[in-house]
Amino acid sequence: SDSSFVYTRTFECGDDSGDRQNIASIDETNDADTATVRVNCYDLVVEKTVDTEKIRAYSWTLDKSVDPDSLNLFQGDSAASEFTIDITRTGVDSGFVASGTIKVKNPSPISAEVFGVGDTLSLGGDVYAIVTCPGGSGPYTIAAADSLECTYTADVADATSGTNTATANNQNFSYDTTGTGTKTGLTPYTDTESVVFNGGTTIAYVDSSATLDDDNGGDAPSGLGLPNTTDCDPEADDVTSCQVVYEELYSCTEEGSNRNLATLTTDSTSTVLTDSAFVEVDCYEITVAKNDTMRYTVEHDWSIEKSANPDTLDLFDGDSGDAAWTVTIGDSSYSTDWRLSGKITIANPNPDRAADLTSVADTLSVLGEIAVNCGGASSVPADDSIECSYNTGQLDSTSNPFGELNTATAYRQNY
């Protein structure tokens, strides 16, 4: 009669993978039969991405200067001062974050039960990321040939490079011959990627640029967008700088203290920085003083005449009579050899600038302009004076040939 008996063997992945053949035989007859068990082994696949980001916040400094900061001008002159606006920008990184996705793939024809999807960053010390998966905190059932995708994020202290490991723990089962499983241990599956804060890092900029305004009028920049040079490239690290240079023209209409204000406003936080520079304008004019000496010769032509009245007396002896004598002295005088001379003093009170002279003139109301000798001097040194002379030479005239008015004039060049 027929008989049968049943026995079991437990198979595991590893050495048991593949076709496992089992032979049963009858020793007395040498009859035999073979049964094969195919053991298919599968692994979960963990794949992850790593993205890094940080915040780069900039602080700014603003310094405004002017050269020269004082101008000593003559009336009618103008002069320029050069303004320099120095701007520095320092970037400080913070808010370092590593984030990404964790994908757990199940390539098997059976479902997988996954526990504890986690993510650990090794950056000189372990940092545990916050992992978020669909379905809450797990466990997660991943159907055959399906996957589970989670996200993670971790705040880290600085830009230290390191590694990032994602782990998914698969629930192991021991299955009986009916396919009923009993939970045993957990098998971890991992994927490790590098964490690097470099050119691929997403940067959130704070106050990376600013607007500069200047109240100095038409020659100054207005609404200048910064950074305006490669030195202020928002992608640049560390300290960068920008410089704005322009000139402003001043004249005696701006005499006194002239304030100029620069204002820098950052783009993100609207932080306002200001700095001022002052130009002091003082104005001067040369002064002219003079004296004169007039000389001339007076010629005298004298005459004398004497007469008697009466000039005849007819008398008898014993008579007497008076006669009067008249003496007349005449003076026919006239002037000649007229000469006028003197000194002209031209003073320059300006402490910095020489006064360049185009000419010096002395004018007589009757005779007109006469020659002036300044000894070759064509300018008056700063805070000094020069002395010029004039002389009409000898003039033959019977009356004053010069007139009542003697005027000295110095003509100064404007710049």
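Strands here are DSSP runs of E with at least two residues, numbered from the N terminus. This is a predicted model. Its largest pocket has a volume of about 1,500 Å³, and strands β1 (18-25), β2 (32-39), β7 (112-122), β12 (162-175) and β13 (181-195) each supply at least two residues of the lining of that pocket. A search of the whole structure finds four disulfides, and the largest nonpolar core holds 25 residues.

**Largest pocket**

- The lining of the largest pocket is made up of 42 residues, and the closest to the pocket centre are F11, E12, C13, V39 and Y175.
- By class, this lining has 18 nonpolar, 16 polar and eight charged residues.

**Second largest pocket**

- The volume of the second largest pocket is about 190 Å³.
- S4, F5, A24, S25, I26, D31, A32 and D33 line the second largest pocket.
- Strands β1 and β2 each provide at least two residues of this lining.
- The lining of the second largest pocket divides into four nonpolar, two polar and two charged residues.

**Nonpolar cores**

- In soluble globular proteins, nonpolar side chains tend to be buried together.
- Within the largest nonpolar core, V46, I102, V104, V117, L121 and L148 are the residues that touch the most other members.
- Strands β6 (78-106), β7, β10 (140-142), β11 (146-156), β12 and β13 each contribute at least two residues to this core.
- Strand β11 gives the most to this core, with five residues.
- Leaving out residues up to four places away in sequence, V46 touches I102, K103, V104, A166, A168, Y189, T190 and D191.
- Another core, of 23 residues, lies apart from the largest one, and its members include Y58, W60, V66 and A262.

**Disulfide C13-C41**

- C13 and C41 are joined by a disulfide, with an S to S distance of 1.9 Å.
- The torsion about the S-S bond of C13 and C41 is about -110°, so this disulfide is left-handed.
- The pair links distant parts of the chain, 28 residues apart: C13 sits in the segment before β1, and C41 in the loop between β2 and β3 (45-48).
- C13 counts as exposed because its relative accessibility is 51%, and the cut-off for exposed is over 50%.
- C41 has a relative accessibility of 30%, so C41 counts as partly exposed.
- C13 is also among the residues closest to the centre of the largest pocket.

**Disulfide C133-C150**

- A disulfide connects C133 with C150, at an S to S distance of 2.0 Å.
- With a torsion of about 110° about the S-S bond of C133 and C150, the disulfide is right-handed.
- C133 lies in the loop between β9 (130-132) and β10, and C150 in strand β11, so placed that the pair links distant parts of the chain, 17 residues apart.
- C133 and C150 are buried.

**Disulfide C374-C388**

- C374 is bonded to C388 in a disulfide with an S to S distance of 2.0 Å.
- The torsion about the S-S bond of C374 and C388 is about 100°, so this disulfide is right-handed.
- This pair also links distant parts of the chain, 14 residues apart, with C374 in the loop between β25 (372-373) and β26 (379-380) and C388 in strand β27 (residues 384-391).
- C374 and C388 are both buried.

Conventions
Residues are numbered from 1 along each chain as its sequence is written. This is a predicted model: local features need pLDDT of at least 70, side-chain atom pairs count only at pLDDT 80 or more; totals for chains, interfaces and linings use all residues. Side-chain values use heavy atoms; hydrogens and water are left out. On a 1 Å grid over the protein atoms alone, a cavity is a set of points where a 1.4 Å probe fits but cannot get out, and a pocket is an open set with protein on both sides within 12 Å along at least five of seven lines; lining residues have an atom within 4 Å of a point. Grid points are joined across faces, edges and corners, and a volume is the space filled by probe spheres set on the points. Helices (H or I, at least four residues) and strands (E, at least two) are DSSP runs, numbered from the N terminus. Ala, Val, Leu, Ile, Met, Phe, Trp, Tyr, Cys and Pro count as nonpolar, Asp, Glu, Lys and Arg as charged, and the others, Gly among them, as polar. A nonpolar core is a set of buried Ala, Val, Leu, Ile, Met, Phe, Trp, Tyr and Cys residues joined through side-chain atoms within 4.5 Å. Buried means under 20% relative accessible area, exposed over 50%, partly exposed in between (1.4 Å probe, protein chains only). Contact means heavy atoms within 4.5 Å. A disulfide is a pair of cysteine sulfur atoms within 2.5 Å.
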